[in-house]
Amino acid sequence: MPRAVMKAVRVTLMAHPLTVGQREGAFPLADEPLDGGRPSLARPPSTRVLRGPETRCDLLPDAETAPDLRDLDMGTWRGKRLAEIDPVGLARWVGDLDAAPHGGESVTALIDRVRGWLGGLHDGPVLGLTHPAVVRAAVSVATGADYQRVDVPPLGRALLTGVGGRWNLRLQ
């Protein structure tokens with residue numbers, strides 16, 4: 001019986017540009033505006049382009065919306081600055097990936113969502129226009145890195161190549 005041929009998947013994840021909320025130190029709103037203009041991006045040839053559903057991820061025309069590339073749901077903390085958040089709840093959230101004191105999504109749930117999305121990719125290349133939290137989660141899934149130790153700036157990119165659920169990371 002012939003063996004199944006596994007194809008390599010190539011995924012580039014790019015965080016959206018700086019937003020007004022990021023600049024002001026606030027948790028993002030769903031349709032938060034960018035802080036400045038949209039970057040000039042070229043659509044890579046022969047690449048499937050996916051994006052998070054939020055407006056700030058709409059960076060290339062005709063990109064497909066991918067619900068799993070949505071931002072971490074910050075629940076009641078959306079739009080609030082760190083100084084406005086209950087320090088006990090904030091400390092709990094920072095110290096426990098399973099915690100969601102804001103009533104939204106836990107970091108563990110985000111990582112699981114991104115793991116499932118990556119596991120569902122069977123061909124490439126793919127460009128995902130998304131959020132820093134989603135890029136962080138993908139790097140964590142791919143490398144086993146601690147999510148809390150990964151920092152992704154606006155427009156930061158991570159290139160993942162994988163076969164059969166084993167991933168390699170190239171920072172760009």
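Predicted model: local features only at pLDDT ≥ 70, side-chain atom pairs only at ≥ 80, totals over all residues.
**View 1. The largest nonpolar core.** Which of the 36 residues in the largest nonpolar core touch the most other members? They are Val11, Trp93, Leu110, Trp117 and Leu118. Two or more residues of this core come from each of strand E1 (9–15), H2, H3, H4 and E5. H4 brings the largest share of the core, eight residues. A nonpolar core here is a set of buried Ala, Val, Leu, Ile, Met, Phe, Trp, Tyr and Cys residues joined through side-chain atoms within 4.5 Å. The helices (H or I, at least four residues) and strands (E, at least two) are DSSP runs, numbered from the N terminus.

Residues are numbered from 1 along each chain as its sequence is written, and side-chain values use heavy atoms, with hydrogens and water left out.

**View 2. Ring pairs link Phe27, Trp77 and Trp93 into a cluster.** A pair of aromatic rings is described by the distance of the centres and the angle of the planes. Search the whole structure and you'll find three aromatic pairs. For Phe27 and Trp77, the ring centres are 5.5 Å apart and the planes are at 35 degrees, so this pair is tilted. Phe27 sits in the loop between H1 and strand E2 (48–51) and Trp77 in the loop between strand E3 (64–65) and H2, so the pair ties together parts that are 50 residues apart in sequence. Both Phe27 and Trp77 are buried. Now for Trp77 and Trp93: their ring centres are 5.7 Å apart and their planes are at 85 degrees, so this pair is edge-to-face. Since Trp77 is in the loop between E3 and H2 and Trp93 is in helix H2, the pair ties together parts that are 16 residues apart in sequence. Here are the cut-offs: rings of Phe, Tyr and Trp (its six-membered ring) pair if their centres lie within 6.5 Å, with planes under 30 degrees apart called stacked, over 60 edge-to-face and the rest tilted. Trp77 has a relative accessible area of 7%, which makes it buried, and Trp93 counts as buried at 16%. Buried means under 20% relative accessible area, exposed over 50%, and partly exposed in between (1.4 Å probe, protein chains only).

**View 3. The largest pocket holds about 680 Å³ of space.** Of its 29 lining residues, Phe27, Trp93, Ala133, Arg136 and Tyr147 are the closest to its centre. At least two lining residues come from each of helix H1 (20–24), helix H2 (87–95) and helix H4 (132–143), and H4 gives the most, with three. Sort the lining by type and you get 17 nonpolar, seven polar and five charged residues. (Ala, Val, Leu, Ile, Met, Phe, Trp, Tyr, Cys and Pro count as nonpolar, Asp, Glu, Lys and Arg as charged, and the others, Gly among them, as polar.) A pocket, on a 1 Å grid over the protein atoms alone, is an open set of points where a 1.4 Å probe fits, with protein on both sides within 12 Å along at least five of seven lines; lining residues have an atom within 4 Å of a point. Its volume is the space filled by probe spheres set on the points, which are joined across faces, edges and corners.

**View 4. The charged end of Arg136 sits over the ring of Tyr147.** That charged end is 4.0 Å from the ring centre. To qualify, NZ of Lys or CZ of Arg must be within 6 Å of the ring centre and within 35 degrees of the ring normal. Arg136 and Tyr147 are also among the lining residues closest to the centre of the largest pocket.

**View 5. The second largest pocket holds about 190 Å³ of space.** Among its 14 lining residues, those closest to the centre are Gly119, Leu121, Val163, Gly164 and Gly165. Helix H3 (107–119) and strand E5 (157–163) are the elements giving two or more residues to this lining, and H3 gives the most, with three. The lining splits into seven nonpolar, five polar and two charged residues.

**View 6. Ser46 and Leu155 both have positive phi values.** Phi of Ser46 is near 55 degrees, and that of Leu155 is about 65 degrees, although Leu155 is not a glycine. You'll find Ser46 in the loop between H1 and E2, where its relative accessible area of 70% makes it exposed. Leu155 is in the loop between H4 and E5 and counts as partly exposed at 37%.
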